[in-house]
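I opened my notebook to get to know a new structure. Here is what I looked up, step by step.

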Amino acid sequence: MLAADTLGAYGSTKRYKSLERIVRVNARTLVGAGGEVSDFQYIVRLLDELTTDDYRTDDGIELGPKEIFSYLTRVMYNRRGKMDPLWNSLVVGGVEADGTPFLGTVGMIGTHYEDSHVATGFGAHLARPLFRERQSDAMSEADAEALLRDALRVCYYRDKQSINKFQIAKVAADAPAAVGEPFALETSWDYKAFAAPTKWAIGAW
Amino acid sequence: MARIVAGSQITDAEYMRDISLGTTIIAVTFDGGVVLGADSRTSSGTYIANRVQDKITPLLDNVYLCRSGSASDTQAIASYVQYYLAQHQAELGGPVRVETAAKLAMQMAYGNKNMLQAGLIIAGHDSSGGSVWAIPLGGTLLKVPYAIGGSGSAYITGWCDKNWRAGFTREQAREFVRAALRHAMARDSSSGGCVRTVVIDSNGADREFIPNTKLPPTYGELAAPA
Amino acid sequence: MSGIGTGYDLSATTYSPDGKVFQTDYAQKAVDNSRVTSVGAQRSREAVEKLVVSKLLVERSSRRIHNIDRHAGICMAGLLPDGRMVVNRAADEATNYKSFYGEPIPGRVLCERLASYMHLFNLYWSMRPYGAAGLLATYDDDGPALYLVEPSGVAHGYFGTAVGKARQAVKNELEKMKLGQITCREAVVEAAKILHKVHEEDGKPFEIEISWVCDESGRVHQKVPAEVLAEAEAAAKAALEESDMED
């Protein structure tokens, strides 16, 4: 399961608010991205070429998330080798042909690893600690989604370049990859101390 | 950039700086077409190099381009795209889609992103109706219901968010474009002069020119004497 | 037609006294004598039947129909390696077009580009024309379409056509059909019937390959699903037996 907000920032301006940052590569693979949007669109074009070539081969074999992840690590590292990196952090998620789930992340200079939970940008600082506490490979889909929503909420509270408009994408052994509709999270701003922060501490700021 | 005059070196004179379209440009879809708009100021430093510039360039009969950023870069991109589109039109033997024009422009902008200073808005009408495509600095391509660009756009983002509506009529869209440009020109010193608009629908493109003196005055300024 | 022994057939840049380019004719002959019959019909599917070259050949290992892009496929008749060159070129054209214009290549453009490519080989003494012809099936904004590209570089759009040894018999059958009015699924059955029928006489083992690109396939060019092919072949065999009974 992958999640991201739909913001395309332009410096500190929150310029484009309906930008899909998770794409379905094929029935078994999803890719999510943070960073430079034009470079991400370029990566999407590369992946489209890759999967079209795969389709053309017509041998009944489809690229799995592992192969696509491996391809992306090479693309990213190759461009950093040219001292012209693609300015993105990517997350690849999917299910292998034998049903094993896969999750991996690649950075802009080609650094990569696989894990049971990954996150880019602010998520690496705010979401992963939550994941470490609550994630388990055996957890149910509903629990995983609840955890993901909690993580998104924290990111929304503390990342200035985020908006309350998210998408969750899922892929499972018995469910082909699909990116969900955008939704907003419930947030809390109604603590008494929020309305009058200094009421019980006169003289403070 | 330097010039020798009477033995002394004049470096970087105002009128010799890079000519830039510190600009306000805008394009809006409406039911059945699109409206494009732009101010007419081109600056070189603080000097107004051209006060009646045309920043809305035709790419095809049914597709126009709003240019912002470096004047030379965007002119070069426009020329290339015009050339490739003409070739493409000959191969297809029929009308070219707005999306194709936008994608070609994106290829130019993205493929040379390190050398270019170009913010483009492409809009037009084809068999699937009117559409607007934004190509900001890095070469991202986005299909949007409306787009604003150039230095002046920063002053009107809020106004546009508030006043834009889905399903504008042709007249509403045109009025939105005019008012947005007027507000931007009132606050952005790099935008000014006159307002040019192009309306494109199934009947083709229709240009309009609104001279500076015909623009309504804004807060704190005076109307031009009659 | 043969120019063998006359010396006028040694290169594609030599005309015979009556104005023929024998190399081009030979290439067309290679297609015409190909023991493969390809049928294509607009709206849009193609089918191919082929003789099994050897009993030792693994089933379905020698393929005549290839994907070019998601919306396009081609069925090659004639010399297999020549055909593969054309297929690779078609794939390159599709990829290049997409990377330049950002959208799938329209069928007509792909057809024209392939025709130009094949035509090139009729122009130089150092080359010979491809001994292969391609039935190109596409589905784009203008709807489904079928094209035939021949060794000389000739290309046309068709409602239905055939190449290979039994082409004339197949075309006769196609002309009896109402090609614009049947569904793709019905067309698959008809194609299977025709191929079985024209193959009845020689009694040699053969295989049928059928692909389609239509609304039912989501405008994607693909092999027809195994059960659709099995159904069509069963119907074809039944129809043959029925007509045998009447005789």
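**Where the chains touch**

I began with the contact between chains C and B: five residues of chain C and six residues of chain B take part. Sorting the chain C side by class, I found three nonpolar residues, one polar and one charged. I kept in mind that this is a predicted model.

Next I turned to chains B and A, where the contact takes eight residues from chain B and seven residues from chain A.

**Chain C as a whole**

I then looked at how chain C is built and found six helices and ten strands. Chain C has 247 residues, and 46% of them count as buried. I also checked the contacts in chain C between residues at least 6 apart in sequence: 67% of these join residues at least 24 apart.

**Two helices that cross**

How do the axes of α2(C) and α3(C) cross, and at roughly what angle? Helix α2 of chain C covers residues 80–101 and helix α3 of chain C covers residues 107–120; their axes come within 10 Å and cross at roughly 135 degrees. Angles over 145 would count as roughly antiparallel, so α2(C) is oblique to α3(C). I noted the crossing of α2(C) past α3(C) as right-handed.

Last, I listed who meets whom. From α2(C) come C:Val86, C:Arg89, C:Ala90, C:Glu93 and C:Ala94, and they meet C:Leu110, C:Arg113, C:Leu114, C:Tyr117 and C:Met118 in α3(C). By class, I wrote down seven nonpolar, no polar and three charged residues for this contact of α2(C) with α3(C).

Terms used:
Residues are numbered from 1 along each chain as its sequence is written. Chains are lettered from A and ligands numbered from 1 in the order in which they are written. This is a predicted model: local features need pLDDT of at least 70, side-chain atom pairs count only at pLDDT 80 or more; totals for chains, interfaces and linings use all residues. Helices (H or I, at least four residues) and strands (E, at least two) are DSSP runs, numbered from the N terminus. A residue is buried if 20 or more other C-beta atoms lie within 10 Å of its own, exposed if 12 or fewer, and partly exposed in between; C-beta atoms are placed from the backbone. Two residues are in contact if their C-beta atoms, placed from the backbone, lie within 7 Å. Ala, Val, Leu, Ile, Met, Phe, Trp, Tyr, Cys and Pro count as nonpolar, Asp, Glu, Lys and Arg as charged, and the others, Gly among them, as polar. Axes are lines fitted to C-alpha atoms, for helices over the stretch in contact, and angles run from 0 to 180 degrees between N-to-C directions. Angles under 35 degrees count as roughly parallel, over 145 as roughly antiparallel, 65 to 115 as roughly perpendicular and the rest as oblique. A crossing is left-handed if the near helix is turned anticlockwise from the far one by less than a right angle, and right-handed if clockwise.
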